[in-house]
Every structure is written in structure tokens, then in C-alpha cells.
Amino acid sequence: LEKIIPYCLNNMCVLLLLDGLDEMKSTHRDAIRNEIVNLSRRLTDSKIIVSCRSGDYTKQMEGFAVLEIRPLSAEQVRNIASLWLGDKHPQFMERLRSFPYVDVSDRPLLLTQLLFMFKRFGYFPEQPTEIYTKLVNLLLKDWDEERDVKRNSIYAGFGSERKAKFLAALAYHLMYSLEKTKFKENDVINSYRAICQGFNLPKEEAVQVAREIQTHTGLIAIGPNDVYEFCHLSLQEYLCAEHLVRASPEIPNIQYLS
């Protein structure tokens, strides 16, 4: 097979797309990565593209160039909406622009969810919180569950609702206590240590949980120079507001919001 598969691929000039390296079991990932590299060395007339969440790409694969997928442009969003909705796509775009969550439409997964809701109901709920709740659940639970993806998790005992509460507390601490929308790993670790007791999480596992939040949820992304930020500012603001609503009796002064 080690000889036949490369021979067949080269004869057909194949572009082989391997999606979701981060979705493989961590115990198998190194072996699979090595098999992909070994296969690539035997290819002369074919190419391989491997996709992975940036936070889970921790080891360079020999012979592969690393590229980051850019967000969708406004034109691409319109084109995708047109394919989904036909003549109704102008109404979708006009309605979407009137809501604060318009910024999430540059991610294909979240745009698809918005298109599905609009196609099914013909409108968006007047309360943006309904949309934010659906999008956060999609990122935390639904997307992996639909594809039966199991990720090893330090806080695996959390349901999606408790995970959302934890991330809301984290968003609040980063935005209010640290006054940051862009932050380093140490900022996430310090915020984790400040809130972990309220969620019965071990303080000594701050580094592991900080990295897991980035790699598992898709809500926090890493950019140039190892700078982290929520994938969209509106999602951080929503989570921060959710925490404020739940914790308002414990927060004596929230006038900074004005």
C-alpha cells in the first residue's frame, strides 16, 4: 500500500484534501501526521492540503507550508447568500446589517447558521441575544456533536450551558478587570485563576485550560505574535453582558458600561 497509493495518486494528479486534523484523537494524531508526511514525500504530481485549527497545530509538518484561512469578504458573503436564498438574498443582507451580530457572518460556519434561520423563518428574532445564544451553543457543542467529534477535555464534566457561563465570566474578567479585547496567554491564565474557584476547576491547570479554550471552542482565536482575541468582538461583548446580568447583585458598580 505504501507504494501503490502514491503511484495511483500521482497517475491521477490528485489534490488530496484532509480536513480536521484537530478532530482526531490526540493519541492518534502524531501517527497520522507522520503518515501524511511520509505520503507527501512520495508524491510528485499530486498535492495534499491538511486543515487544522491554528491552536492545535503545534508541530510543523515537514514539507508543508502553513497558511491561515482569511475571513469571508463582504462580496463572498453576498455570493453565498445568493446561492442559498436566490432572489431573497438582498433582504437577508439588509436585515443582517441592522443587527450587531453582522460581524460574525465572515465565518462560514456562523454564516451558514444565519442563512439557515433566515431561510426557514424568513426573518431574524428582534432580540439579538437569541441569535448569540444559538451561535455560542453551535461553537461549544452542536457542531462537534453533529459530526460525532470527541475532544479530550479538562473540563469535560461541564455541560454546554456551564461552559458558556465559564466563558462569560472569562470574557468579563478580560474586558473589565484587565480592560483587554486582545490578550496574551498569560492574561487568559490570570483570568482563569481569578474565576476557577467559582467553577470548581483546579487552579494548577490554568495553562492547559487556557490552551483548551482556544483549541476546542473556536470562540477565541490566536493571531500574529501569539495575540489572542475572541473570534468576534460582539461575541465577547455578549458573553460579558451575560455574566453581568447573572452577577449583577454581586457587582456594586457597573456604571463603566456607560
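This is a predicted model: local features need pLDDT of at least 70, side-chain atom pairs count only at pLDDT 80 or more; totals for chains, interfaces and linings use all residues.
Good morning. A residue is called exposed when its relative accessible area is over 50%. Leucine 15 has a relative accessibility of 51%, so it counts as exposed. It lies in strand S1, which covers residues 15-18. Together with Leu17 and Ile49, Leu15 makes a nonpolar surface patch of about 310 Å².

I turn now to helix H2. This helix holds 16 residues, 26-41, and at 1.5 Å a residue it should span 22 Å; its end C-alpha atoms are 24 Å apart, which agrees. Which residues of H2 are buried? They are Arg29, Arg33, Ile36, Val37 and Leu39. As a general point, an α-helix has 3.6 residues a turn, so residues three or four places apart point the same way. The other side of H2 carries exposed residues, namely Thr27, Glu35 and Arg41.

What covers the buried residues of H2? The cover includes helix H1, residues 4-12, as well as S1 and strand S2, residues 47-50.

Helix H1 can be described in a similar manner. Its buried residues include Pro6, Leu9 and Asn10. Because they cover an arc of only 100 degrees around the axis, they are on the same side of H1. H2 is among the elements covering the buried residues of H1. On the face turned away from that buried side, Ile4, Tyr7, Asn11 and Met12 are exposed. Finally, just after H1, cysteine 13 adopts a positive phi of about 50 degrees. Thank you.

Terms used
Residues are numbered from 1 along each chain as its sequence is written. Side-chain values use heavy atoms; hydrogens and water are left out. Patches are made of residues with over 30% relative accessible area and no salt bridge: like charges are joined within 9 Å, nonpolar side chains (Val, Leu, Ile, Met, Phe, Trp, Tyr) within 5 Å. Accessible areas come from the Shrake-Rupley method with a 1.4 Å probe; for residues, only the protein chains shown count as cover. A salt bridge is a side-chain nitrogen of Lys or Arg within 4 Å of a carboxyl oxygen of Asp or Glu. Helices (H or I, at least four residues) and strands (E, at least two) are DSSP runs, numbered from the N terminus. Buried means under 20% relative accessible area, exposed over 50%, partly exposed in between (1.4 Å probe, protein chains only). The expected span of a helix is 1.5 Å times one less than its number of residues. Contact means heavy atoms within 4.5 Å. The arc is that of the directions from the helix axis to the C-beta atoms.
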